[in-house]
Amino acid sequence: DTACLACLRENPGRNGKANEMFCPVCDRDVHVPGGHVCCFPPDSGLLRILEVLRIVEASRKGFVPCIGCDMKSEARCLECQENYCLEHADFHRITAATKHHTVLGFSHILAEPNKILRSNGAQT
C-alpha cells in the first residue's frame with residue numbers, strides 16, 4: 001500500500017516529532033528519512049502502473065514521441081523505460097549493450113498491460 005505526498009504532508013507526526021510520523025497505511029509510527037516526507041522513496045510499482053496508463057492515453061491520442069528522434073514511437077524498452085520508433089527499436093534490439101533488453105511493441109503492451117508491470121517488479 002502507498003500514501004500520496006499530500007496525505008503525508010497533512011499527517012506530520014505525533015508529539016511534534018519531525019523525524020517520525022504516524023503512517024495511516026501501516027497504522028504505526030515510522031521514521032521519516034531526512035526529516036522530510038519528500039525524502040521517502042518512490043513506490044516503483046505504482047510508477048510502472050502510471051507509466052502504462054500514460055502509454056495507453058498517449059497512444060489513444062495518436063502520438064508518443066521516440067526518445068531518439070521526432071518520429072512516432074511504436075515500441076518500449078522495459079529495462080530502459082524509454083519509447084522508440086521502429087527504426088530505433090530495431091537498433092536497440094541489436095546493439096551489444098542492449099540486445100538482452102525486452103523491447104515490446106505498443107500493440108503488445110496495450111493488449112497485455114500486466115506484462116510490462118510484472119517485468120518491472122510491480123505486483124498485479
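This report describes the fold, the cores, the cysteines and a few individual residues of a predicted model.

## Overall architecture

The chain of this predicted model has five helices and five strands, and when it is read along the sequence these elements follow the pattern α-β-β-α-β-β-α-β-α-α. Of the 124 residues, 28% count as buried, while the accessible surface of the chain comes to about 8,200 Å², with 53% of that area belonging to carbon and sulfur atoms. Among the contacts between residues at least 6 apart in sequence, 34% join residues that are at least 24 apart.

## Nonpolar cores

The largest nonpolar core is made up of seven residues, namely Cys66, Ala75, Cys77, Tyr84, Cys85, Ala89 and Val103. Within this set, Ala89 touches Ala75, Tyr84 and Val103, when residues up to four places away in sequence are not counted.

## Cysteines without disulfides

A search of the whole structure finds zero disulfides, a term that refers in general to a covalent bond between the sulfur atoms of two cysteines. For Cys69, the nearest cysteine sulfur is that of Cys85, at 3.8 Å, and because a disulfide is taken here as a pair of cysteine sulfur atoms within 2.5 Å, Cys69 is in no disulfide. Cys69 counts as partly exposed, since its relative accessibility is 22%.

Cys77 is likewise in no disulfide, the nearest cysteine sulfur being that of Cys80, 3.7 Å away. Cys77 has a relative accessibility of 0% and therefore counts as buried, and Cys77 is also one of the residues of the largest nonpolar core.

## Polar and charged side chains

Arg76 lies in strand S3, which spans residues 75-77, and because its relative accessibility is 2%, Arg76 counts as buried. The side chain of this arginine makes a polar contact with the side chain of Asn83, at a distance of 2.8 Å.

A search of the whole structure finds one salt bridge, and a salt bridge is formed between Asp90 and Arg93, whose closest N and O atoms are 3.0 Å apart.

## Two loop residues

Val32 is found in the loop between strand S2 (28-31) and helix H2 (44-61), and with a relative accessible area of 3% this valine is buried. Phe22 is 10 residues from Val32 along the chain, and the C-alpha atoms of the two residues are separated by 9.7 Å.

Gln81 has its place in the loop between S3 and strand S4 (82-84), and the phi of Gln81 is near 60°, a positive value in a residue other than glycine. For context, most residues other than glycine have a negative phi. With a relative accessible area of 31%, Gln81 is partly exposed.

Definitions and conventions. Residues are numbered from 1 along each chain as its sequence is written. This is a predicted model: local features need pLDDT of at least 70, side-chain atom pairs count only at pLDDT 80 or more; totals for chains, interfaces and linings use all residues. Side-chain values use heavy atoms; hydrogens and water are left out. Helices (H or I, at least four residues) and strands (E, at least two) are DSSP runs, numbered from the N terminus. Buried means under 20% relative accessible area, exposed over 50%, partly exposed in between (1.4 Å probe, protein chains only). A polar contact is a pair of N or O atoms within 3.5 Å; within protein, one must be able to donate a hydrogen and the other to accept it, and residues adjacent in sequence count only if both atoms are side-chain atoms. A salt bridge is a side-chain nitrogen of Lys or Arg within 4 Å of a carboxyl oxygen of Asp or Glu. A nonpolar core is a set of buried Ala, Val, Leu, Ile, Met, Phe, Trp, Tyr and Cys residues joined through side-chain atoms within 4.5 Å. Contact means heavy atoms within 4.5 Å. Accessible areas come from the Shrake-Rupley method with a 1.4 Å probe; for residues, only the protein chains shown count as cover.
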